[in-house]
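Colleague: Good morning. Could you take me through this structure step by step?
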Amino acid sequence: MLCALSAVTFSAVAQDYPNRPVKIIVAYKAGGPMDAGARAVAAGLTKALGQPFVVENRTGAAGRIGTEAVHRSKADGYTLMYAIADQLVINPHIFPDVGYDVATAFEPVAPVGRMPQVVALTPSFPEATGQGLIRKAKASPGKVSYGSWGVGSLAHLSGVMMEQIAGLDLLHVPYQGGAPAQQALMAGQVDMLLVQVPYAEAQAKAGRMKILGLSSPKRNAQYPHIPTLAEQGFSGYSAETWSGFLVPQGTPAAVKNTLARAIHDFVTSPTGRAQLQDIGFEVMTEGPVEFGAFIRTEYDRWGKLVRERHIMMQ
């Protein structure tokens with residue numbers, strides 16, 4: 001009888017949800033590609049579920065302010081987190097006071113996609129190949145530099161991973177965000193930077209940067225002409241960014257299932273897939289369980305690198 005009542009309750013919750021606007025918290029500023037991805041999915045959910053899904057940018061502290069805001073929210077499905085890799089699988093290892101435990105604070109709902117990136121070089125870099133970079137870095141330890149959008153960011157750890165794999169000594173130069181880091185690369189103030197592919201290709205055509213290789217572990221179907229770093233002397237290299245939706249721990253299963261189905265339907269639809277690809281995403285289609293397993297794997301992988309390289313903010 002109890003199981004039957006629970007099933008009825010869950011069914012009623014699913015049928016009633018959503019009955020008012022839903023807030024999607026993005027922990028990074030408006031206007032970037034990750035924010036654009038959140039807004040594309042929000043529009044799809046609004047159309048599919050009949051209530052407004054509204055993006056709210058809660059920026060600051062390397063994504064921790066927005067993440068903590070979701071953590072403090074009621075677990076009723078009316079506050080969602082659109083998260084990226086830095087928030088979930090890097091920050092908890094870098095910052096000792098994030099205020100939440102990823103494993104217990106949130107429940108995965110659905111991924112949206114990977115954002116293919118490349119390691120780009122300043123236009124004056126003499127040889128845009130992995131072996132050329134390795135030779136130059138080994139000839140001048142501590143001289144070849146790479147930029148990032150902050151200590152502990154994916155861009156920072158991407159350089160740390162290059163050091164570890166190839167036995168290099170590189171110079172890390174953090175900036176206050178991705179835009180100033182990109183400007184520094186094009187001005188020749190740093191030698192390397194992790195850059196999203198569409199932007200890098202446009203700037204490379206204009207002669208403002210050179211493309212070294214994809215940060216993904218394998219070639220991308222949208223950019224088959226770009227080799228990976230793993231093909232160029234950085235065996236096992238993988239520094240991908242990705243995004244997806246999570247909710248506070250304890251959100252009703254029926255609500256999560258409703259959201260997961262609607263998100264999956266949008267990202268796999270011809271319209272949704274085209275919109276996301278135009279932004280630069282490679283769509284991910286995993287369900288909640290698979291998405292959760294993916295997050296745990298990424299969490300362990302980046303945690304291992306942080307511990308081995310003794311990277312932590314005080």
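Modeller: Let us begin with D278, which belongs to helix 11 (residues 270–279). Helices (H or I, at least four residues) and strands (E, at least two) are DSSP runs, numbered from the N terminus. The model is a predicted one, in which local features need pLDDT of at least 70 and side-chain atom pairs count only at pLDDT 80 or more, while totals for chains, interfaces and linings use all residues. Residues are numbered from 1 along each chain as its sequence is written, and side-chain values use heavy atoms, leaving out hydrogens and water.

Colleague: Is D278 buried or exposed?

Modeller: D278 has a relative accessibility of 68%, so it counts as exposed. The cut-offs are under 20% relative accessible area for buried and over 50% for exposed, with partly exposed in between (1.4 Å probe, protein chains only).

Colleague: How many residues apart in sequence are D278 and G37?

Modeller: They are separated by 241 residues in sequence, yet their C-alpha atoms are 9.9 Å apart in space.

Colleague: Let us change topic. How many residues of helix 4 are buried?

Modeller: Helix 4 is mostly covered, with 10 of its 10 residues buried.

Colleague: Which residues is E163 in contact with, leaving aside its neighbours within four places in sequence?

Modeller: With those neighbours left aside, E163 is in contact with Y146, L168, D169, L170 and R309.

Colleague: Now the aromatic residues, please. How many aromatic pairs are there?

Modeller: The count comes to five aromatic pairs. Rings of Phe, Tyr and Trp (its six-membered ring) pair if their centres lie within 6.5 Å; planes under 30 degrees apart count as stacked, over 60 as edge-to-face and the rest as tilted. One of the pairs joins F234 and Y237, whose ring centres are 6.4 Å apart and whose planes meet at 65°, so this pair is edge-to-face. Both F234 and Y237 are buried.

Colleague: What about W242 and F291?

Modeller: W242 and F291 also form an edge-to-face pair, at 6.2 Å centre to centre and with 85° between the planes. W242 lies in strand 10 (residues 241–248) and F291 in helix 12 (residues 288–309), so the pair ties together parts that are 49 residues apart in sequence.

Colleague: Are those two residues buried or exposed?

Modeller: W242 is buried, with a relative accessible area of 0%. F291 also counts as buried, at 1% relative accessibility.

Colleague: Which residues do ring pairs link into a cluster?

Modeller: The cluster is made up of W242, F291 and F294, linked by ring pairs.

Colleague: Let us turn to the backbone. Which residues does a cis peptide bond join?

Modeller: Y17 and P18 are joined by a cis peptide bond, with omega about -10°. P18 is placed in the loop between helix 1 (2–16) and strand 1 (22–26).

Colleague: What is the phi of A62?

Modeller: A62 is not a glycine, but it has a positive phi of about 55°. A62 is placed in the loop between strand 2 (53–57) and helix 3. Its relative accessible area is 40%, so A62 is partly exposed.

Colleague: And what is the phi of H310?

Modeller: H310 has a positive phi of about 55°, although H310 is not a glycine. H310 is found in the segment after helix 12. With a relative accessible area of 73%, H310 is exposed.

Key
Contact = heavy atoms within 4.5 Å.
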